[in-house]
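This report covers strand pairing, aromatic contacts, domains and the chain interface. The sequence and structure come first.

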There are 2 protein chains.
Amino acid sequence: MENEALRTMMNHRSIRKYKEEKLEEEKIEKIVKAGRQAPFVSQMCSVIMEKDDENIPFEAPVLFTICVDIHKLKKIMDDRDWKVVTNDLTLLLFGIQDAAYLAQNMVIAAESMGLGTCYLGSPVRTAKNLKEKYELPDKVFPLVQLVVGYPAEDPPLRPRYPLDFLLFEEEYPDFSDEEVEAAMEKMDHGFLDEDYYRKLDAMISLKGAEEDDFTYEDYSWTEHISRKWGQWYEDLESQKEILGACGFHICEDED
Amino acid sequence: MENEALRTMMNHRSIRKYKEEKLEEEKIEKIVKAGRQAPFVSQMCSVIMEKDDENIPFEAPVLFTICVDIHKLKKIMDDRDWKVVTNDLTLLLFGIQDAAYLAQNMVIAAESMGLGTCYLGSPVRTAKNLKEKYELPDKVFPLVQLVVGYPAEDPPLRPRYPLDFLLFEEEYPDFSDEEVEAAMEKMDHGFLDEDYYRKLDAMISLKGAEEDDFTYEDYSWTEHISRKWGQWYEDLESQKEILGACGFHICEDED
(Lines give C-alpha, C1' and ligand atoms only; values in the text may rest on other atoms or scores of the structure.)
Protein backbone atom coordinates (compact mmCIF):
# COMPACT_ATOMS: atom_id res chain seq x y z
CA MET A 1 0.00 0.00 0.00
CA GLU A 2 3.01 2.25 0.19
CA ASN A 3 3.60 3.86 -3.15
CA GLU A 4 5.61 6.62 -4.73
CA ALA A 5 2.83 9.19 -4.51
CA LEU A 6 2.40 8.59 -0.78
CA ARG A 7 6.14 8.62 -0.25
CA THR A 8 6.44 11.91 -2.13
CA MET A 9 3.79 13.54 0.04
CA MET A 10 5.06 12.06 3.30
CA ASN A 11 8.54 13.28 2.47
CA HIS A 12 7.54 16.92 1.87
CA ARG A 13 9.76 19.62 3.29
CA SER A 14 9.78 23.22 2.08
CA ILE A 15 13.13 23.93 0.42
CA ARG A 16 14.79 27.31 0.82
CA LYS A 17 18.14 26.65 -0.87
CA TYR A 18 18.47 25.85 -4.55
CA LYS A 19 21.21 24.86 -6.96
CA GLU A 20 21.99 27.17 -9.86
CA GLU A 21 20.76 24.51 -12.27
CA LYS A 22 17.92 25.63 -14.54
CA LEU A 23 14.64 23.81 -14.70
CA GLU A 24 14.03 21.90 -17.94
CA GLU A 25 11.04 23.00 -20.04
CA GLU A 26 9.82 19.43 -20.04
CA LYS A 27 9.65 19.37 -16.24
CA ILE A 28 7.91 22.73 -16.10
CA GLU A 29 5.30 21.41 -18.46
CA LYS A 30 4.77 18.27 -16.42
CA ILE A 31 4.34 20.34 -13.26
CA VAL A 32 1.76 22.68 -14.78
CA LYS A 33 -0.10 19.87 -16.51
CA ALA A 34 -0.35 17.97 -13.23
CA GLY A 35 -1.70 21.16 -11.66
CA ARG A 36 -4.19 21.58 -14.46
CA GLN A 37 -5.55 18.06 -13.95
CA ALA A 38 -6.57 18.79 -10.32
CA PRO A 39 -10.30 18.70 -9.53
CA PHE A 40 -11.95 22.05 -10.14
CA VAL A 41 -15.11 24.01 -9.52
CA SER A 42 -14.89 26.04 -12.75
CA GLN A 43 -11.16 26.36 -13.57
CA MET A 44 -11.15 29.83 -12.05
CA CYS A 45 -7.39 30.10 -11.90
CA SER A 46 -4.27 31.06 -13.83
CA VAL A 47 -0.53 30.66 -13.39
CA ILE A 48 2.07 33.30 -14.15
CA MET A 49 5.62 32.03 -14.53
CA GLU A 50 8.94 33.83 -14.14
CA LYS A 51 12.20 32.10 -14.97
CA ASP A 52 15.86 32.74 -14.37
CA ASP A 53 15.32 36.09 -12.70
CA GLU A 54 17.79 37.07 -10.02
CA ASN A 55 14.99 38.41 -7.85
CA ILE A 56 13.31 35.04 -7.39
CA PRO A 57 13.41 34.14 -3.69
CA PHE A 58 16.03 31.61 -2.56
CA GLU A 59 17.67 32.02 -5.98
CA ALA A 60 15.36 29.36 -7.36
CA PRO A 61 15.18 29.05 -11.14
CA VAL A 62 11.39 29.29 -11.42
CA LEU A 63 8.67 31.25 -9.66
CA PHE A 64 4.99 30.52 -10.23
CA THR A 65 2.25 32.89 -9.13
CA ILE A 66 -1.04 31.08 -8.79
CA CYS A 67 -4.05 33.35 -9.17
CA VAL A 68 -7.78 33.15 -8.67
CA ASP A 69 -9.08 34.16 -12.09
CA ILE A 70 -12.63 35.33 -12.77
CA HIS A 71 -11.49 37.33 -15.80
CA LYS A 72 -11.40 34.25 -18.02
CA LEU A 73 -14.80 33.15 -16.77
CA LYS A 74 -16.17 36.56 -17.74
CA LYS A 75 -14.57 36.34 -21.19
CA ILE A 76 -16.23 32.98 -21.81
CA MET A 77 -19.58 34.10 -20.49
CA ASP A 78 -19.38 37.29 -22.58
CA ASP A 79 -18.90 35.12 -25.63
CA ARG A 80 -22.11 33.30 -24.75
CA ASP A 81 -23.97 36.55 -23.97
CA TRP A 82 -24.09 35.89 -20.26
CA LYS A 83 -23.09 38.11 -17.38
CA VAL A 84 -21.57 36.90 -14.12
CA VAL A 85 -24.10 37.71 -11.38
CA THR A 86 -22.61 35.68 -8.53
CA ASN A 87 -21.32 37.91 -5.77
CA ASP A 88 -17.54 38.33 -5.51
CA LEU A 89 -17.30 36.71 -2.08
CA THR A 90 -18.83 33.43 -3.21
CA LEU A 91 -16.72 33.51 -6.37
CA LEU A 92 -13.64 34.00 -4.22
CA LEU A 93 -14.48 31.11 -1.90
CA PHE A 94 -14.76 28.77 -4.88
CA GLY A 95 -11.98 30.34 -6.93
CA ILE A 96 -9.44 30.02 -4.13
CA GLN A 97 -10.17 26.31 -4.08
CA ASP A 98 -9.54 26.01 -7.82
CA ALA A 99 -6.24 27.84 -7.43
CA ALA A 100 -5.16 25.93 -4.32
CA TYR A 101 -5.90 22.43 -5.61
CA LEU A 102 -3.96 23.24 -8.76
CA ALA A 103 -1.07 24.69 -6.73
CA GLN A 104 -0.82 21.65 -4.49
CA ASN A 105 -0.74 19.29 -7.48
CA MET A 106 2.15 21.37 -8.81
CA VAL A 107 4.00 20.91 -5.51
CA ILE A 108 3.58 17.15 -5.57
CA ALA A 109 4.45 16.88 -9.26
CA ALA A 110 7.68 18.82 -8.72
CA GLU A 111 8.66 16.89 -5.62
CA SER A 112 7.91 13.56 -7.30
CA MET A 113 10.59 14.45 -9.86
CA GLY A 114 13.16 15.17 -7.15
CA LEU A 115 12.68 18.94 -7.21
CA GLY A 116 12.25 21.19 -4.19
CA THR A 117 9.42 23.66 -3.68
CA CYS A 118 8.43 26.40 -1.29
CA TYR A 119 5.16 28.31 -1.12
CA LEU A 120 5.31 32.04 -0.49
CA GLY A 121 2.18 33.27 1.24
CA SER A 122 2.95 36.94 0.73
CA PRO A 123 0.60 37.62 -2.22
CA VAL A 124 -2.40 37.75 0.13
CA ARG A 125 -0.85 40.99 1.41
CA THR A 126 1.13 42.18 -1.61
CA ALA A 127 -1.40 41.43 -4.33
CA LYS A 128 -1.47 45.02 -5.56
CA ASN A 129 2.24 44.95 -6.39
CA LEU A 130 1.85 41.69 -8.28
CA LYS A 131 -1.16 43.04 -10.12
CA GLU A 132 0.98 45.86 -11.40
CA LYS A 133 4.04 43.72 -12.10
CA TYR A 134 2.21 41.06 -14.09
CA GLU A 135 -0.45 43.40 -15.54
CA LEU A 136 -3.23 41.35 -14.00
CA PRO A 137 -6.67 42.43 -15.19
CA ASP A 138 -9.58 43.14 -12.90
CA LYS A 139 -10.90 40.06 -11.08
CA VAL A 140 -7.58 38.24 -10.94
CA PHE A 141 -6.23 37.77 -7.42
CA PRO A 142 -2.72 36.38 -6.91
CA LEU A 143 -3.21 33.92 -4.06
CA VAL A 144 0.16 32.30 -3.52
CA GLN A 145 3.59 31.98 -5.11
CA LEU A 146 5.62 28.82 -5.52
CA VAL A 147 9.34 28.53 -6.13
CA VAL A 148 10.63 25.33 -7.74
CA GLY A 149 14.14 24.13 -8.45
CA TYR A 150 16.83 21.61 -7.69
CA PRO A 151 17.25 21.44 -3.91
CA ALA A 152 20.57 22.40 -2.36
CA GLU A 153 19.53 21.34 1.14
CA ASP A 154 18.02 18.22 2.64
CA PRO A 155 16.26 19.26 5.84
CA PRO A 156 14.47 16.83 8.15
CA LEU A 157 10.70 16.43 8.09
CA ARG A 158 8.93 19.14 10.03
CA PRO A 159 6.39 18.27 12.74
CA ARG A 160 2.62 18.28 12.37
CA TYR A 161 -0.24 18.16 14.86
CA PRO A 162 -0.95 14.75 16.40
CA LEU A 163 -3.54 12.94 14.31
CA ASP A 164 -6.14 13.22 17.07
CA PHE A 165 -5.77 17.02 16.99
CA LEU A 166 -6.57 17.06 13.28
CA LEU A 167 -9.07 14.29 12.52
CA PHE A 168 -12.36 14.03 14.39
CA GLU A 169 -15.06 11.43 13.95
CA GLU A 170 -18.73 12.41 13.77
CA GLU A 171 -18.35 15.62 15.73
CA TYR A 172 -15.93 18.33 16.75
CA PRO A 173 -14.54 17.62 20.22
CA ASP A 174 -14.07 19.73 23.32
CA PHE A 175 -10.32 19.82 23.78
CA SER A 176 -8.84 19.29 27.21
CA ASP A 177 -5.89 21.45 28.20
CA GLU A 178 -3.76 18.31 28.02
CA GLU A 179 -4.71 17.68 24.41
CA VAL A 180 -3.93 21.24 23.40
CA GLU A 181 -0.61 21.12 25.24
CA ALA A 182 0.32 17.76 23.72
CA ALA A 183 -0.16 19.28 20.26
CA MET A 184 1.88 22.34 21.23
CA GLU A 185 4.68 20.22 22.62
CA LYS A 186 4.92 18.07 19.53
CA MET A 187 5.18 21.13 17.33
CA ASP A 188 7.61 23.02 19.54
CA HIS A 189 9.94 20.09 20.11
CA GLY A 190 9.94 19.19 16.45
CA PHE A 191 11.07 22.63 15.33
CA LEU A 192 13.55 23.01 18.19
CA ASP A 193 15.12 19.66 17.30
CA GLU A 194 15.93 21.04 13.87
CA ASP A 195 16.97 24.44 15.23
CA TYR A 196 14.53 25.65 12.59
CA TYR A 197 13.97 29.25 13.65
CA ARG A 198 17.63 29.92 14.43
CA LYS A 199 18.71 28.63 11.02
CA LEU A 200 16.16 30.87 9.31
CA ASP A 201 16.79 33.69 11.80
CA ALA A 202 13.03 34.03 11.78
CA MET A 203 12.18 35.23 15.29
CA ILE A 204 9.33 37.75 15.21
CA SER A 205 10.08 40.62 17.56
CA LEU A 206 7.71 41.77 20.27
CA LYS A 207 6.10 45.06 19.34
CA GLY A 208 7.00 47.83 21.72
CA ALA A 209 8.90 45.52 24.06
CA GLU A 210 12.27 46.58 25.39
CA GLU A 211 13.18 43.06 26.38
CA ASP A 212 12.49 39.66 24.99
CA ASP A 213 12.85 36.66 27.28
CA PHE A 214 13.02 34.26 24.38
CA THR A 215 16.17 33.17 22.58
CA TYR A 216 16.58 30.59 19.84
CA GLU A 217 17.09 28.09 22.66
CA ASP A 218 13.36 28.13 23.44
CA TYR A 219 11.63 30.12 20.67
CA SER A 220 9.60 27.69 18.65
CA TRP A 221 6.40 27.17 16.68
CA THR A 222 3.69 28.09 19.17
CA GLU A 223 5.54 31.25 20.20
CA HIS A 224 6.09 32.07 16.54
CA ILE A 225 2.45 31.72 15.51
CA SER A 226 1.37 33.62 18.64
CA ARG A 227 3.59 36.55 17.75
CA LYS A 228 2.37 36.43 14.16
CA TRP A 229 -1.40 36.20 14.60
CA GLY A 230 -1.20 38.13 17.87
CA GLN A 231 0.55 41.14 16.30
CA TRP A 232 0.10 41.18 12.53
CA TYR A 233 -2.63 42.19 10.11
CA GLU A 234 -5.05 43.60 12.63
CA ASP A 235 -6.51 46.06 10.16
CA LEU A 236 -9.45 44.60 8.30
CA GLU A 237 -9.79 47.60 5.99
CA SER A 238 -6.39 47.08 4.42
CA GLN A 239 -7.20 43.48 3.49
CA LYS A 240 -10.55 44.53 2.02
CA GLU A 241 -8.74 47.23 0.11
CA ILE A 242 -6.22 44.74 -1.33
CA LEU A 243 -9.02 42.51 -2.58
CA GLY A 244 -10.94 45.51 -3.88
CA ALA A 245 -7.92 46.71 -5.85
CA CYS A 246 -7.92 43.31 -7.58
CA GLY A 247 -11.61 43.69 -8.42
CA PHE A 248 -13.13 41.61 -5.63
CA HIS A 249 -15.76 43.61 -3.78
CA ILE A 250 -16.69 41.37 -0.92
CA CYS A 251 -18.55 43.71 1.38
CA GLU A 252 -20.64 45.88 -0.91
CA ASP A 253 -21.77 45.14 -4.41
CA GLU A 254 -19.90 47.17 -6.97
CA ASP A 255 -21.81 49.98 -8.61
CA MET B 1 10.57 11.28 -15.57
CA GLU B 2 7.13 9.70 -15.55
CA ASN B 3 6.38 8.35 -12.14
CA GLU B 4 3.50 7.03 -10.11
CA ALA B 5 2.70 10.36 -8.47
CA LEU B 6 2.45 12.08 -11.85
CA ARG B 7 0.42 9.22 -13.27
CA THR B 8 -1.96 9.38 -10.30
CA MET B 9 -2.54 13.09 -10.82
CA MET B 10 -2.80 12.90 -14.60
CA ASN B 11 -5.35 10.12 -14.25
CA HIS B 12 -7.70 12.03 -11.93
CA ARG B 13 -11.42 11.79 -12.58
CA SER B 14 -14.09 12.56 -9.99
CA ILE B 15 -15.91 9.35 -9.11
CA ARG B 16 -19.64 9.38 -8.45
CA LYS B 17 -20.34 5.65 -8.12
CA TYR B 18 -18.88 3.51 -5.37
CA LYS B 19 -18.81 -0.14 -4.40
CA GLU B 20 -20.35 -1.17 -1.11
CA GLU B 21 -16.92 -2.16 0.16
CA LYS B 22 -15.84 -0.39 3.33
CA LEU B 23 -12.64 1.58 3.54
CA GLU B 24 -9.93 0.01 5.71
CA GLU B 25 -8.79 1.98 8.77
CA GLU B 26 -5.23 1.68 7.56
CA LYS B 27 -6.08 3.43 4.28
CA ILE B 28 -8.03 6.15 6.03
CA GLU B 29 -5.02 6.82 8.21
CA LYS B 30 -2.68 6.99 5.22
CA ILE B 31 -5.00 9.45 3.49
CA VAL B 32 -5.25 11.79 6.46
CA LYS B 33 -1.55 11.56 7.26
CA ALA B 34 -0.70 12.46 3.66
CA GLY B 35 -3.08 15.41 4.02
CA ARG B 36 -1.44 16.44 7.26
CA GLN B 37 1.99 16.50 5.65
CA ALA B 38 0.98 19.16 3.10
CA PRO B 39 2.70 22.55 3.33
CA PHE B 40 0.92 24.88 5.71
CA VAL B 41 0.72 28.48 6.83
CA SER B 42 -0.23 27.66 10.43
CA GLN B 43 -2.14 24.34 10.32
CA MET B 44 -5.42 26.25 10.48
CA CYS B 45 -7.57 23.31 9.51
CA SER B 46 -9.41 20.26 10.78
CA VAL B 47 -11.06 17.20 9.26
CA ILE B 48 -14.36 15.68 10.38
CA MET B 49 -14.97 12.12 9.24
CA GLU B 50 -18.22 10.21 8.81
CA LYS B 51 -18.20 6.53 7.94
CA ASP B 52 -20.71 4.00 6.75
CA ASP B 53 -23.63 6.39 6.88
CA GLU B 54 -26.37 5.85 4.34
CA ASN B 55 -26.65 9.58 3.78
CA ILE B 56 -23.15 9.94 2.37
CA PRO B 57 -23.42 11.09 -1.27
CA PHE B 58 -22.93 8.48 -4.00
CA GLU B 59 -23.22 5.83 -1.27
CA ALA B 60 -19.50 6.18 -0.64
CA PRO B 61 -18.17 4.60 2.56
CA VAL B 62 -16.40 7.69 3.89
CA LEU B 63 -17.11 11.41 3.90
CA PHE B 64 -14.52 13.93 5.05
CA THR B 65 -15.41 17.54 5.81
CA ILE B 66 -12.33 19.74 5.59
CA CYS B 67 -12.63 22.89 7.67
CA VAL B 68 -10.72 26.12 8.09
CA ASP B 69 -10.03 26.10 11.83
CA ILE B 70 -9.04 29.18 13.84
CA HIS B 71 -10.48 27.68 17.02
CA LYS B 72 -7.41 25.51 17.60
CA LEU B 73 -5.13 28.48 16.94
CA LYS B 74 -7.01 30.45 19.60
CA LYS B 75 -6.73 27.57 22.06
CA ILE B 76 -2.97 27.44 21.59
CA MET B 77 -2.55 31.19 21.80
CA ASP B 78 -4.76 31.29 24.92
CA ASP B 79 -2.42 28.80 26.51
CA ARG B 80 0.48 31.17 25.79
CA ASP B 81 -1.50 34.23 26.98
CA TRP B 82 -1.83 35.66 23.52
CA LYS B 83 -4.91 36.88 21.71
CA VAL B 84 -5.52 36.58 17.97
CA VAL B 85 -5.63 40.14 16.60
CA THR B 86 -5.45 39.37 12.88
CA ASN B 87 -8.64 40.29 11.12
CA ASP B 88 -10.95 37.45 10.10
CA LEU B 89 -10.61 38.10 6.38
CA THR B 90 -6.84 37.69 6.35
CA LEU B 91 -7.16 34.62 8.58
CA LEU B 92 -9.65 33.17 6.14
CA LEU B 93 -7.43 33.81 3.10
CA PHE B 94 -4.59 31.90 4.75
CA GLY B 95 -6.75 29.30 6.49
CA ILE B 96 -8.48 28.29 3.27
CA GLN B 97 -5.05 27.57 1.83
CA ASP B 98 -4.16 25.33 4.78
CA ALA B 99 -7.42 23.44 4.37
CA ALA B 100 -7.20 23.16 0.57
CA TYR B 101 -3.58 21.95 0.39
CA LEU B 102 -4.42 19.29 2.96
CA ALA B 103 -7.58 18.30 1.07
CA GLN B 104 -5.76 17.94 -2.23
CA ASN B 105 -3.08 15.73 -0.66
CA MET B 106 -5.91 13.54 0.63
CA VAL B 107 -7.31 13.24 -2.91
CA ILE B 108 -3.97 12.18 -4.35
CA ALA B 109 -3.24 9.79 -1.48
CA ALA B 110 -6.59 8.07 -1.97
CA GLU B 111 -6.28 7.87 -5.75
CA SER B 112 -2.72 6.56 -5.51
CA MET B 113 -4.14 3.58 -3.61
CA GLY B 114 -6.72 2.88 -6.31
CA LEU B 115 -9.57 4.63 -4.53
CA GLY B 116 -12.01 7.09 -6.06
CA THR B 117 -12.76 10.55 -4.73
CA CYS B 118 -15.15 13.41 -5.35
CA TYR B 119 -15.15 16.88 -3.84
CA LEU B 120 -18.47 18.39 -2.83
CA GLY B 121 -18.37 22.17 -2.99
CA SER B 122 -21.65 22.66 -1.19
CA PRO B 123 -20.27 23.59 2.27
CA VAL B 124 -19.49 27.11 1.06
CA ARG B 125 -23.27 27.57 0.92
CA THR B 126 -24.47 25.06 3.55
CA ALA B 127 -21.88 25.73 6.24
CA LYS B 128 -24.51 26.58 8.85
CA ASN B 129 -26.09 23.12 8.59
CA LEU B 130 -22.71 21.45 8.92
CA LYS B 131 -21.82 23.66 11.87
CA GLU B 132 -24.90 22.36 13.64
CA LYS B 133 -24.48 18.76 12.55
CA TYR B 134 -20.85 18.45 13.61
CA GLU B 135 -21.08 20.88 16.54
CA LEU B 136 -18.40 23.08 15.06
CA PRO B 137 -17.26 25.82 17.43
CA ASP B 138 -16.99 29.45 16.50
CA LYS B 139 -14.25 30.20 13.94
CA VAL B 140 -14.44 26.85 12.19
CA PHE B 141 -15.64 27.06 8.60
CA PRO B 142 -16.39 23.87 6.64
CA LEU B 143 -14.83 24.60 3.25
CA VAL B 144 -15.31 21.44 1.24
CA GLN B 145 -16.35 17.81 1.58
CA LEU B 146 -14.65 14.80 0.06
CA VAL B 147 -16.12 11.35 -0.49
CA VAL B 148 -13.71 8.44 -0.79
CA GLY B 149 -14.28 4.78 -1.60
CA TYR B 150 -13.74 1.95 -4.04
CA PRO B 151 -14.78 3.18 -7.49
CA ALA B 152 -17.64 1.46 -9.28
CA GLU B 153 -17.16 3.42 -12.50
CA ASP B 154 -14.20 4.17 -14.74
CA PRO B 155 -15.03 7.37 -16.61
CA PRO B 156 -12.70 8.95 -19.18
CA LEU B 157 -10.48 11.89 -18.34
CA ARG B 158 -12.33 15.19 -18.40
CA PRO B 159 -11.04 18.10 -20.46
CA ARG B 160 -9.08 21.06 -19.17
CA TYR B 161 -8.20 24.46 -20.64
CA PRO B 162 -5.41 24.45 -23.24
CA LEU B 163 -2.08 25.03 -21.52
CA ASP B 164 -1.73 28.46 -23.13
CA PHE B 165 -5.03 29.53 -21.54
CA LEU B 166 -3.70 28.61 -18.09
CA LEU B 167 0.03 29.35 -17.97
CA PHE B 168 1.42 32.76 -18.85
CA GLU B 169 5.02 33.86 -18.89
CA GLU B 170 6.09 37.17 -17.36
CA GLU B 171 2.74 38.87 -17.78
CA TYR B 172 -0.97 38.30 -18.13
CA PRO B 173 -1.98 38.37 -21.81
CA ASP B 174 -4.77 40.07 -23.71
CA PHE B 175 -6.82 37.20 -25.06
CA SER B 176 -8.00 37.27 -28.63
CA ASP B 177 -11.53 36.04 -29.33
CA GLU B 178 -9.94 33.05 -31.07
CA GLU B 179 -8.02 32.06 -27.96
CA VAL B 180 -11.09 32.28 -25.78
CA GLU B 181 -13.11 30.28 -28.27
CA ALA B 182 -10.42 27.63 -28.63
CA ALA B 183 -10.53 27.12 -24.87
CA MET B 184 -14.34 26.96 -24.92
CA GLU B 185 -14.35 24.46 -27.75
CA LYS B 186 -11.89 22.14 -26.06
CA MET B 187 -13.99 22.11 -22.90
CA ASP B 188 -17.34 21.74 -24.65
CA HIS B 189 -16.22 18.99 -27.00
CA GLY B 190 -14.55 17.09 -24.21
CA PHE B 191 -17.66 16.95 -22.07
CA LEU B 192 -19.95 16.25 -25.03
CA ASP B 193 -17.73 13.36 -26.08
CA GLU B 194 -18.40 11.72 -22.73
CA ASP B 195 -22.07 12.70 -22.73
CA TYR B 196 -21.19 14.02 -19.29
CA TYR B 197 -24.16 16.24 -18.52
CA ARG B 198 -26.74 13.80 -19.86
CA LYS B 199 -25.34 10.98 -17.73
CA LEU B 200 -25.47 13.18 -14.63
CA ASP B 201 -28.75 14.76 -15.74
CA ALA B 202 -27.15 17.99 -14.63
CA MET B 203 -28.63 20.62 -16.94
CA ILE B 204 -29.26 23.86 -15.07
CA SER B 205 -32.60 25.30 -16.08
CA LEU B 206 -33.08 28.84 -17.31
CA LYS B 207 -34.76 30.98 -14.70
CA GLY B 208 -38.10 32.30 -15.84
CA ALA B 209 -37.76 30.88 -19.34
CA GLU B 210 -40.64 29.06 -20.92
CA GLU B 211 -38.46 27.43 -23.51
CA ASP B 212 -34.93 26.15 -23.58
CA ASP B 213 -33.23 25.72 -26.90
CA PHE B 214 -30.58 23.46 -25.44
CA THR B 215 -30.79 19.69 -25.18
CA TYR B 216 -28.17 17.23 -24.01
CA GLU B 217 -27.08 17.12 -27.64
CA ASP B 218 -25.45 20.54 -27.33
CA TYR B 219 -25.53 21.50 -23.64
CA SER B 220 -21.95 21.44 -22.40
CA TRP B 221 -19.42 23.04 -20.09
CA THR B 222 -19.47 26.69 -21.14
CA GLU B 223 -23.27 26.75 -21.17
CA HIS B 224 -23.28 25.03 -17.79
CA ILE B 225 -20.91 27.47 -16.11
CA SER B 226 -22.73 30.40 -17.74
CA ARG B 227 -26.06 29.27 -16.28
CA LYS B 228 -24.42 28.69 -12.92
CA TRP B 229 -22.46 31.91 -12.41
CA GLY B 230 -25.00 33.84 -14.48
CA GLN B 231 -27.96 32.85 -12.28
CA TRP B 232 -26.79 31.61 -8.88
CA TYR B 233 -25.63 33.20 -5.64
CA GLU B 234 -26.24 36.80 -6.60
CA ASP B 235 -26.91 37.84 -3.04
CA LEU B 236 -23.74 38.94 -1.28
CA GLU B 237 -25.46 39.35 2.08
CA SER B 238 -26.33 35.67 2.35
CA GLN B 239 -22.70 34.62 1.83
CA LYS B 240 -21.52 37.14 4.42
CA GLU B 241 -24.16 35.82 6.76
CA ILE B 242 -23.00 32.22 6.30
CA LEU B 243 -19.42 33.17 7.14
CA GLY B 244 -20.61 35.30 10.05
CA ALA B 245 -22.60 32.40 11.49
CA CYS B 246 -19.33 30.42 11.54
CA GLY B 247 -17.59 33.26 13.38
CA PHE B 248 -15.84 34.93 10.46
CA HIS B 249 -16.66 38.64 10.39
CA ILE B 250 -15.05 39.80 7.21
CA CYS B 251 -16.67 43.18 6.69
CA GLU B 252 -16.83 44.74 10.10
CA ASP B 253 -14.75 43.91 13.14
CA GLU B 254 -16.71 41.99 15.71
CA ASP B 255 -17.71 43.93 18.81
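In this predicted model, strand 4 of chain A (residues 140-149) has 10 of its 10 residues buried, so it is largely enclosed by the rest of the structure. Strand 4 of chain A pairs with strand 2 of chain A (residues 62-69) through 8 bridges, and the two run antiparallel. Within that pairing, A:C67 is opposite A:P142 of strand 4. Strand 3 of chain A (residues 116-120) is also antiparallel to strand 4 of chain A, and 5 bridges join them. Here A:G116 faces A:G149 of strand 4 across the pairing. In a regular strand, side chains alternate between the two faces of the sheet.

**Aromatic pairs and charges over rings**

Over all chains, 38 aromatic pairs are counted. In one of them, the rings of A:Y101 and B:Y119 have centres 4.4 Å apart and planes at 15 degrees; planes under 30 degrees apart count as stacked, so this pair is stacked. The pair crosses between chains: A:Y101 belongs to helix 4 of chain A (residues 88-112), and B:Y119 belongs to strand 3 of chain B (residues 116-120). A:Y101 is buried, with a relative accessible area of 2%. B:Y119 is buried as well, at 14% relative accessibility, because the cut-off for buried is under 20%.

A:F214 and A:Y219 make an edge-to-face pair, with 6.5 Å from centre to centre and 85 degrees between the planes. A:F214 has 23% relative accessibility and counts as partly exposed, whereas A:Y219 is buried at 1%.

One aromatic cluster contains A:F40 together with B:Y161, B:F165, B:F168, B:Y172, B:F175 and B:W221. A member of this cluster, B:F165, also has the charged end of A:K72 over its ring. Another lysine, B:K139, has its charged end over the ring of B:F248. The table gives the distances.

| Charged residue | Ring | Distance from charged end to ring centre |
|---|---|---|
| A:K72 | B:F165 | 5.1 Å |
| B:K139 | B:F248 | 5.8 Å |

Where does A:H71 lie? A:H71 is in helix 3 of chain A (residues 71-79). Its relative accessibility is 18%, and A:H71 counts as buried because the cut-off is under 20%. Leaving out residues up to four places away in sequence, A:H71 touches A:P137, A:D138, A:K139 and A:V140, and also B:Y172 and B:F175 of chain B. B:Y172 and B:F175 both belong to the aromatic cluster that includes A:F40. A:V140 falls in strand 4 of chain A, which covers residues 140-149.

**Domains and interface**

Chain A is divided into domain 1, spanning 4-154, and domain 2, spanning 163-231. Taken over C-alpha atoms, the centres of domain 1 and domain 2 of chain A are 28 Å apart.

How many residues does each chain bring to the contact between chain A and chain B? Chain A contributes 129 residues and chain B contributes 129 residues. The area buried between chain A and chain B is about 11700 Å², and carbon and sulfur atoms give 66% of that area. On the chain A side, A:Q37, A:Y172 and A:W229 lose the most area to chain B, together 8% of what that side buries.

Technical notes: Residues numbered from 1 in each chain as written. Chains lettered and ligands numbered in written order. Predicted model: local features only at pLDDT ≥ 70, side-chain atom pairs only at ≥ 80, totals over all residues. Heavy atoms only, no water. Buried < 20%, exposed > 50% of the residue type's maximum accessible area, 1.4 Å probe, protein only. Helix = DSSP H or I, 4+ residues; strand = E, 2+ residues; numbered from the N terminus. Pairing = 2+ DSSP bridges. Phe/Tyr/Trp six-rings, centres within 6.5 Å; stacked < 30°, edge-to-face > 60°. Lys NZ or Arg CZ within 6 Å of the ring centre and 35° of its normal. Domains from an automatic or database assignment. Contact = heavy atoms within 4.5 Å. Buried area = accessible area lost by both parts, 1.4 Å probe.
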